[in-house]
Every structure is written in C-alpha cells, then in structure tokens.
Amino acid sequence: MPATGYFQPFLDCAPSNCGDEEISYPFRHVTQPTYCGYPGYELGCDRDNFTLSMGSLEYRVIHIYRSEQILEAARTDLSKDICLQKYADTTLNFSLFNYDFTDLNYTLFYNCNSSSILRPYRFSCPASGDGYFAPYVDLENTPHELCNFSVLVPISLIKALGLPPPSEGNNDSATISEVLNEGFEITWIADTSQCENCIISGGRCGYDWTKQEFNCFCPDGAYTTTCHRPPVPASVPSIPPVPGIVPSTALLLSSPSHSILVFVLVILVVPRVLLCEGDDDVHYTECCHSFNCGTVQNLTYPFWGGDRPQFCGLEGFKVECSEDEYPILEYQTQKYRVLKIDQHLRTMTIARMDLMDGTCLREFRNTSMMDSTLFHMTPAVGSLSIFYGCLGTLKNISNEFECFYDVFRKSAFYMEDVFLNRKLPFDVTCCLTSIKVPVLHSALDDLGRGNISLQEALNRGFDVQYSDQPECSACASSGGFCGSNSSSPSSSFTCYCRDKPYARTCNHPGTFFR
C-alpha cells in the first residue's frame, strides 16, 4: 500500500484529461500503466486533443460518446493539409473498432488529367496537380485510370448531405478540408458492461493482461467485479403509523349507512383479489392482471412495460406508456408507434417514429422489423425505398422531393421496391444513401394513384405478426400465467403458478380468471 493507504492501481487508474475531454476504461493515457485500460485502447494527448494511432495513421479524437460507445475522430494528416505526401487509405483495427452506420466512404483523387474528367469538389496540389473529392465509387468503372493516386476516407453521412454546391472557380479545397476536419464516427468493441457496477461500488476499472479478464481496482485491493462492501441489513424497520390518523376503511365501516355498500364491494371484489393475492407466488400475482398502455387496453403476455414487470412479458415486447397516447415499442434501437394490436390474431399495426413527422431523416437506417426473428410482415405489406442526397435534379421523376441539410437543398426520391429491378430513367448510384420501409399495399395503391402523399402512406404504418407461443396456451390451460425468466440469457419461457414458477405448465391444473 502507498503512503496514502490506497491500493496503487486504484490511484494510477483515475480518469485522465486532455483539453475538455476525459477518458477512462476501456481507454487509458499512454503514460498510465497498461492495467488501466483494455489492450489496444491507448490514447496520447496533443495539446488539447487526445490522439489514437492505428497502423501508420494517427487520428485526432474530437469527442467521446461513452453511453453509445462512439468515438468521433479525424485523420491528423488530412486535418493539416489535403495535399498529402503519402497516399494511404483510412484503415481501422477491426478487432478494436468498427465504422458507425452513419459513415460514408469518400475518395480523394490526386494527379488527375483535368482535361478528361469533370467531377464536383475540385482541388489542386503543388506536387500532384489537379484532383477531386467524390463519394466512393467502383474504381473499375470510373475515370480512376485518369488519376495516379487515390485515398479512401470516411466522412459523416449527414455532413456529406450538408456539403455546399461545388464552387464555380473549381477550387473547393476549403470545403473539403472543413468536412474532413469534422471527422467520422467509429464504435469500440470492448465490453465495458462490468465497469458501471465497479464504478458504482467506488472502484476504478482495469484489466488483467495476464489472465485476460476485467479487474475492479478499489481503495483496498483488486476484485473481479465490484468493491467489497458491508452486508446490507436483512430487514429494515417499518415506518410506524402516524398517531391520530384513522384508516379510511375504519371510517367507512364506522358508518351504518354504508354497510350495504361495503357488503356489495366485498362480494364483487374479494374473489378476484383472492385470486391474485394472499400467499400466492409473487410472480403469479404480478402477472395475473392485464394492463392498459395509453390508447391500447387489456394487454397481456408477451407485452410488458409501465407497471407490468419484465418477467410478465417477453424480451422485445416492452411498450412505453403515456396517458391518451399511442404505445411506443422499441426494437433494435428503433422506435415504433403502436397504432393497433389484435392479441387474438397476434398482429400489430406499427409505424416508424422517425418517419412520422417528416421524411427528411438525419439518421438513415433500414427498418429493423424487416430482419426480425420475433416479428414477420403480413401479406398485406409491401415495401418502398427512399433515396437521399441524389446528385443533381432528378428530371421527370414524379416521386422526387427535397430535403435541406445545413441550408443546402438536396434531391431525394422514393420508389416501390417491385419497380427497382426495371430499367429506370436515372442512376440510383448517384444518391448517397437509401433506406427500405414497409408500407401497406393499400397505402401504396393510394400513393400510386396520387390520392395520398408519401407522408400519409408512411403514417398508416404496416402490419406485423408476432410469433405464436404454443407453450403459453398449455400454461394457461393448467391455471398459470405466461412469462419469462429475464435472468436467463435466452429469456426462456416460464409458467407462473400459484405455488411457484414452472418451465411449461403448473403441476395442478385449475381454472382461473383473466
């Protein structure tokens, strides 16, 4: 122990600062001992910015979004000057980082035959002559042979959409430098889930490189998960009743005029209360009743949320509830407004929340439900694609609309997917990105006839069917209520019965009310 009385690794692994940014596990400053960070996540400090080295390239860390595990970074060499001395594509160590879905590959072309190419965002370098900056393209089908060098570099998709039109003087060096300096986002892969509990317990996170396992460094030593603390008392004294306050039930019973009302209430309410209360298993009593969620009433398994615990439902079926509002269901970080639920047919009508208030997105994701194992599109659903950031104006395209990014107007259009394999009067590769969205066939028909707008078609939502649960029927027939074991990695089905939970059915079948 050092003179302060604290464990030395606990002192060594305090958060490190560089400018306005602070880092901690899985990152460590290069001057800290190796056990303070996960292998490969070492950061330097250059003036007011952390720096990250990968391969032959160095990156300037612009910002760290810890909760999303996102690091925003820019290439140091391109931040100084787009006229490079060495031409190296941007690369990542994919065992440590991944590109974020918001990244878009662009290419810097150098030493080009200026008389043979006409591309947006032109620049010129003293040593390599004319060049241009363009979205990534298939080099075999472009005038790449007219340029001697190229460098692949990612930029943020939203920044690409916000690029101003190319200048008339064919010198866009300032515009190119600005967007490259704003960087791109990468996500780190290291699992930091144990770190939060360690910090809550008063520790600092680290890593045992020899055993290749997480460590929680505490003032008194190293632990595998959290710092040791005194045991919590087995019981907490209850709060005594306030003198002079009479329980409301006593007031009710004390009035003879209310005796008949009390009798009726007892007759009507007690049987249902006794069904779900008393000495029954706590899971059984919690899952006994249906629940209301905003505009949708009487929800049961597999749904949960609000006051209904997770073990009464199934993973993937949590709904957010607000009074007089449609429930909201989140699936794979994408939120959907639940317009209707038919629990008998096991179907839902849902709509993407991000598209309900406008079609000009800032985050471009395909609909997560389309690749789901829990939900399946019904035969009443088709799909369309929306293309964004299309170069130039799409002439003679009735499905075109415009979006504004950083005050600059960009063309976009939509097309029903069944038509995409046909010969089109435009090249979809001239658009920066696209998304796929499920839409009801009836809405697509109305949209094609011009009866409704794209926005109205999207707001109608689409129908999904959720998987049938045959084990739930067996559980219900045996007198139990369906749920899941949320502590299990697979959230396995559980049948909650009066005495205790069972894997499939209750041992003593009986009748029950819902």
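In what order do the 6 strands of the open sheet run? The order is S19-S20-S21-S22-S28-S23, with antiparallel pairing. Two strands count as paired if DSSP finds at least two bridges between them. Strands of a sheet pair through backbone hydrogen bonds, either parallel or antiparallel.

This is a predicted model, where local features need pLDDT of at least 70, side-chain atom pairs count only at pLDDT 80 or more, and totals for chains, interfaces and linings use all residues. Residues are numbered from 1 along each chain as its sequence is written, and side-chain values use heavy atoms, with hydrogens and water left out.

Start with the whole chain. It has 11 helices and 31 strands. These are DSSP runs (helices: H or I, at least four residues; strands: E, at least two), numbered from the N terminus. Of the 514 residues, 44% count as buried. Buried means under 20% relative accessible area, exposed over 50%, and partly exposed in between (1.4 Å probe, protein chains only). Contact means heavy atoms within 4.5 Å. Among contacts between residues at least 6 apart in sequence, 60% join residues at least 24 apart.

Strand S19 (319-320) and S23 stand at its edges. Each has a single partner strand, so one side of each is left without a neighbour in the sheet. For S23, 3 bridges join it to strand S28 (residues 462-466), and the two run antiparallel. Within S28, Val464 is the bridge partner of Met377.

The loop that leads from strand S22 (347-352) to strand S23 (375-377) holds Ser372. Is Ser372 buried or exposed? Its relative accessibility is 10%, so Ser372 counts as buried. Its side chain makes a polar contact of 3.0 Å with the side chain of Tyr331. The Ser372 side chain also reaches the backbone nitrogen of Phe375 at 2.9 Å. A polar contact is a pair of N or O atoms within 3.5 Å; within protein, one must be able to donate a hydrogen and the other to accept it, and residues adjacent in sequence count only if both atoms are side-chain atoms.

Next, the backbone. Most residues other than glycine have a negative phi, and most peptide bonds are trans. Asp324 has a positive phi, near 60°. Asp324 lies in the loop between S19 and strand S20 (328-331). It counts as exposed because its relative accessibility is 64%. Thr333 also has a positive phi, near 65°. Its place is the loop between S20 and strand S21 (334-342). Thr333 is exposed, with a relative accessible area of 56%.

The one from Tyr301 to Pro302 is cis, with omega near 10°. Pro302 sits in the loop between strand S18 (296-299) and S19. Another cis bond joins Tyr25 and Pro26, with omega about 10°. Pro26 is in the loop between strand S2 (21-23) and strand S3 (28-29).

Finish at helix H9 (residues 441-449). Which of its residues are buried? They are Ala443, Leu444, Asp446 and Leu447. These cover an arc of only 165° around the axis, which puts them on the same side of H9. The arc is that of the directions from the helix axis to the C-beta atoms. The buried residues pack against strand S24 (381-390), strand S26 (408-416), strand S27 (431-440) and helix H10 (454-459). On the other side of H9, Gly448 and Arg449 are exposed. Gly450 follows H9, with a positive phi near 80°.
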